[in-house]
Amino acid sequence: MEKLVITGGHRLSGDIPISGAKNSALPILIATLLAGGEHRIANLPDLVDVSDTLSLLGRIGCPSLVSGDTLRLNTERIAFHEAPYDVVRRMRASVLVLGPLLARHGEALVSLPGGCAIGVRPIDQHLKGLEALGATFELTGGYIHGKAPNGLRGAEIHLDMPTVTGAENIIMAATLAEGTTVIHNCAREPEIEDLARFLNTLGARVEGAGTSTVTVHGVARLTPASRPYRIMPDRIEAGTYLCAGAVTKGEVRVTGVEPSHLSALIGKLEEAGCEVEVGGDWVRVTGAEQLRPFSVRTAPYPGFPTDMQAQLMVLAILASGTSTLEETIFENRFMHAAELTRMGADIETRGNLATVRGRPALSGATVMASDLRASAALVIAGLAAEGLTQVLRIYHLDRGYENLVGKLRHVGAHIGRVSDREQDLQRLHLAAML
Ligand code: EPZ
């Protein structure tokens, strides 16, 4: 196991380049299954979730190769149509293979993802939409066995809630359906727009992505684009580093971003007393000497993103008053609260509402990461805290943050990554010295 070791209290200052978006990369890589041939994808982030997706595609019969900053992926042949439990258990986004495999291959066997740390996370809407397109499903042994032997047909679909990967699964399947599909109450996240842009480079006809009504005119076949497709920047990675700048009273500029994707967070940073400047492809935050309390309610895009709730909570902890954070998307997304309390935070959670009474400072402690964004919040807290913080189980972080230690060090953070072996050697060295 590895851990992060952070000495807090240092103002962060400088530019942080932002990587490609994890939640764009995963559906786009899987969407390549819709079109046989060689695809080229650029600006892929170097993340565990991306390598897990590539190994899943490899098991399906689609090998990939990195050449420079471009990935080459060959989807000529689909040898298997299964996403096994050991893969889906680790990365629930693997359920995105359902739509493309049913559309191109007519069959898919996908392990039910099960819940995860932040909630039950059912996929009923995915199945509802795919059934509307003509697929049939059986649940056997924890696996969803989907079939569409006679192809898919366009349909009018009303989703019960704006699900991101649910919309992505249905849109991908609809690209090869016969006729037109209209999806109502569709999620509007930028990652869905990025996926639609990619699908249209393959010859698909997806309209309205980014709005709550998406129309897909089915086509007979899709073919790989002639040029590499560049993944859009990661708005959650960018927001995470802006929060780090804010709580260390520093000045951090995230570069290579789409500022319009960050407007809900920018509003909250300003409400908390930070100064925010916006450029064409950058956003700079200057942390306030004294953060102000605020209230926030997570919501589907363009509302405040649930994936930024944990990170924003650290600003609330250091504000000069009482803040409230309401989590409306997932039922169990306050696990960071208990760990932050160990660093001196005063947080009371009741159901999906967290009430945070501001404190003058946090103190370093050894804390345990529980899920991707909670881990990021613990790192941000460690950067602001007085003294030493150790964050354990940092494999969660490796899923969604490329080169986090390097990027933070570049702007002045005192942070390092220690493996078990190094820890043992340090202990031996200390023991020898005593
Ligand atoms: C995507 O998850 C993101 N993951 C999540 O990011 C993000 O938190 C979430 O959207 C919300 O923005 C990827 O894109 C890979 P949902 P997803 O379906 O699609 C309920 C991160 O940290 N629901 O939009 O799984 C569900 O329980 C991750 O990067 C159903 O009830 O989320 C939840 O309450 C975490 N039935 C709500 O909808 C369904 O069939 C939104 O879930 C589908 C969803």
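Let me begin with a definition: a residue is called buried when its relative accessible area is under 20%, exposed when it is over 50%, and partly exposed in between, using a 1.4 Å probe and protein chains only. The structure before you is a predicted model, in which local features need pLDDT of at least 70 and side-chain atom pairs count only at pLDDT 80 or more, while totals for chains, interfaces and linings use all residues. Residues are numbered from 1 along each chain as its sequence is written, and side-chain values use heavy atoms, with hydrogens and water left out.

I start with the cysteines. A disulfide here is a pair of cysteine sulfur atoms within 2.5 Å, and searching the whole structure gives 0 of them. Cysteine 243 takes part in no disulfide, its nearest cysteine sulfur being that of cysteine 274, 8.4 Å away.

I turn now to the helices, which, like the strands, are DSSP runs numbered from the N terminus (H or I of at least four residues for helices, E of at least two for strands). Helix α1, residues 22–31, is mostly covered, with 9 of its 10 residues buried. Among them are Lys22, Ser24 and Pro27.

Two packed helices are described by the angle between their axes and the distance between the axes. Axes are lines fitted to C-alpha atoms, for helices over the stretch in contact, and angles run from 0 to 180 degrees between N-to-C directions. Helix α10, residues 309–317, and helix α12, residues 372–384, have axes that come within 7 Å and cross at roughly 25°. The pair is therefore roughly parallel, a term for angles under 35 degrees, with over 145 being roughly antiparallel, 65 to 115 roughly perpendicular and the rest oblique. The crossing of α10 and α12 is right-handed, that is, the near helix is turned clockwise from the far one by less than a right angle.

Which residues of α10 and α12 meet? With contact meaning heavy atoms within 4.5 Å, Ala310, Gln311 and Val314 of α10 meet Arg373, Ala374, Ala376, Ala377, Ile380 and Ala381 of α12. By class, this contact has 7 nonpolar, 1 polar and 1 charged residues.

Aspartate 307 is in the loop between β18 and α10 and is buried, at 16% relative accessible area. Glutamate 339, in helix α11, residues 335–341, is likewise buried at 16% relative accessibility. Not counting residues up to four places away in sequence, glutamate 339 touches Val367, Met368 and Leu378.

Finally, the backbone. Most residues other than glycine have a negative phi, and most peptide bonds are trans. Tyrosine 301 and proline 302, however, are joined by a cis peptide bond with omega about 10°, and proline 302 sits in the loop between β18 (295–297) and α10. Asparagine 185 has a positive phi, near 60°; its place is the loop between β11 (180–184) and α7 (190–201), and at 33% relative accessibility asparagine 185 is partly exposed. Asparagine 403 also has a positive phi, near 50°, in the loop between α13 (395–398) and α14 (404–410).

Terms used. Nonpolar A, V, L, I, M, F, W, Y, C, P; charged D, E, K, R; others polar.
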